[in-house]
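Dear colleague,

I am passing on the structure below, together with some notes on what came out of it. Please read the notes with the coordinates open beside them.

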Amino acid sequence: MNLHEYQAKDLLRTFKVNVPEGIVAGTPEEAKNAAQMIHASTGSEKFAVKAQIHAGGRGKGGGVKIASGFQEVFDYAGQIIGMKLVTPQTKAEGKKVHKVLIEQNIYYDGPNPIKEFYISMLVNRQTGRNVLMYSPRGGMDIEKVAEETPGQIFREEIHPGVGLQPFQCRRIAFNLGLEGDAYKNIQPFLMCLYKAYIKCDLSLLEINPVIKTSDNKIFAADAKMVADNSALFRHCVIANMRDISEENPTEVKAGEYGLNFIKLDGNVGCMVNGAGLAMATMDIIKLSGGSPANFLDVGGSANAKRVEEAFRIILDDSNVKAILVNIFGGIVRCDRVANGIVDAYKSIGEIKVPVIIRLQGTNAEEAKEIIDKSGLKVFSAIKLQDAADLVNKVLKD
């Protein structure tokens, strides 16, 4: 589950990670009031006005502005709130901005140069350990840094039994080129950051940039958090931060019925039970000349109602030109799926796209009898390759 920047920073504060003082606002008036409160607290004369959407690269899309004074905060907030923000990480239509984060200015003048770094924590799937990735060249072009100068990307593997160690923090500080107070300040910053990553059960914590201010303080200027969905039952506070307006509406609806659904850009709708079989089905659709329009796993406890809703969700996609139902009856019974298909036809009415059905396993013969007696105009297959060939045939017809 993705979190907004302001939500991530609220969590980081509870772990004593140094973040700029900020207040979220939903209107220009609220933004101006927020700037006034931040000024009273910090004395800051400049403010960052930052769009809150689940996507990176906001600055490149015009979603981050630096305001000099309260009126500019008001004006910039009015421009950003309600806009469709397009970034390198959004689709072409962009995402609508509902809120902005108003923050104190941390790019103030002083005796030392300001520096930007990149720090992230995630799981290394190959080693099964957490890894801290970092670079002395943080900011909006970190992807270019990784591509053009990979030697500027460093890694620290973290042993799960002992966690992040002080010697590793010192090595990170050295590789970032820090000295003096900044060298000392980055070390507790890293330890608190790692504690937040572990205690919140995050799958990703990315701070880009980490700022070394002119007076050698360390700030998390931005924050991206992705919480592990499987661990949300342990974190009610984080679970309540979910913003479904940032998610695909169809995927949200599917989740309400216990369906694992991901929207794709193809032309063949898939209804499968089991993630492995779903991926194999998507592969064979691609090999047959089609392109999967979705990943949809009805799960092991699928009933007729869930199958009917799965059909409705697939048919909501106007790009779907055919539907492939591929069920292996292990835990789920094929006759339940067959009844769901029949009920879906009766409830939805005429389904205008071809439907290819392959049901194998528990009660497969009963399922075939249900489909045959229903009078539905469907294509049936026994082998997966036969189903793929039928997909190819109906797409060409």
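A residue is called buried when its relative accessible area is under 20%, exposed when it is over 50%, and partly exposed in between, with a 1.4 Å probe and protein chains only. This is a predicted model, in which local features need pLDDT of at least 70 and side-chain atom pairs count only at pLDDT 80 or more, while totals for chains, interfaces and linings use all residues. Residues are numbered from 1 along each chain as its sequence is written, and side-chain values use heavy atoms, with hydrogens and water left out.

Gly22 is partly exposed because its relative accessible area is 21%, and this residue belongs to strand E1, residues 22-25; helices (H or I, at least four residues) and strands (E, at least two) are DSSP runs numbered from the N terminus. Leaving aside residues up to four places away in sequence, Gly22 touches Arg13, Ile38, Leu101, Ile102 and Glu103, where contact means heavy atoms within 4.5 Å. Of these, Ile38 is 16 residues from Gly22 in sequence, and the two C-alpha atoms are 7.1 Å apart.

Gln7, in helix H1 (residues 5-14), has a relative accessibility of 7% and therefore counts as buried. A polar atom of the Gln7 side chain lies 2.9 Å from the backbone oxygen of Met241.

Lys16, in the loop between H1 and E1, has a positive phi of about 65° and is exposed, with 73% relative accessibility. Asn216, in the loop between E10 and strand E11 (218-220), has a positive phi near 70°, but Asn216 is buried at 14%. Please also check the cis peptide bond between Asn208 and Pro209, with omega about 10°; Pro209 lies in strand E10, residues 202-212.

Finally, there is a helix pair. Helix H11 (residues 334-348) and helix H12 (residues 364-374) pack at about 15° with their axes 7 Å apart, the axes being lines fitted to C-alpha atoms over the stretch in contact and the angles running from 0 to 180 degrees between N-to-C directions. H11 and H12 are therefore roughly parallel, a term used for angles under 35 degrees. The contact involves Cys334, Asp335, Ala338, Asn339, Ile341 and Val342 of H11, and Ala364, Glu366, Ala367, Ile370, Ile371 and Ser374 of H12.

Technical notes:
Angles under 35 degrees count as roughly parallel, over 145 as roughly antiparallel, 65 to 115 as roughly perpendicular and the rest as oblique. A polar contact is a pair of N or O atoms within 3.5 Å; within protein, one must be able to donate a hydrogen and the other to accept it, and residues adjacent in sequence count only if both atoms are side-chain atoms.
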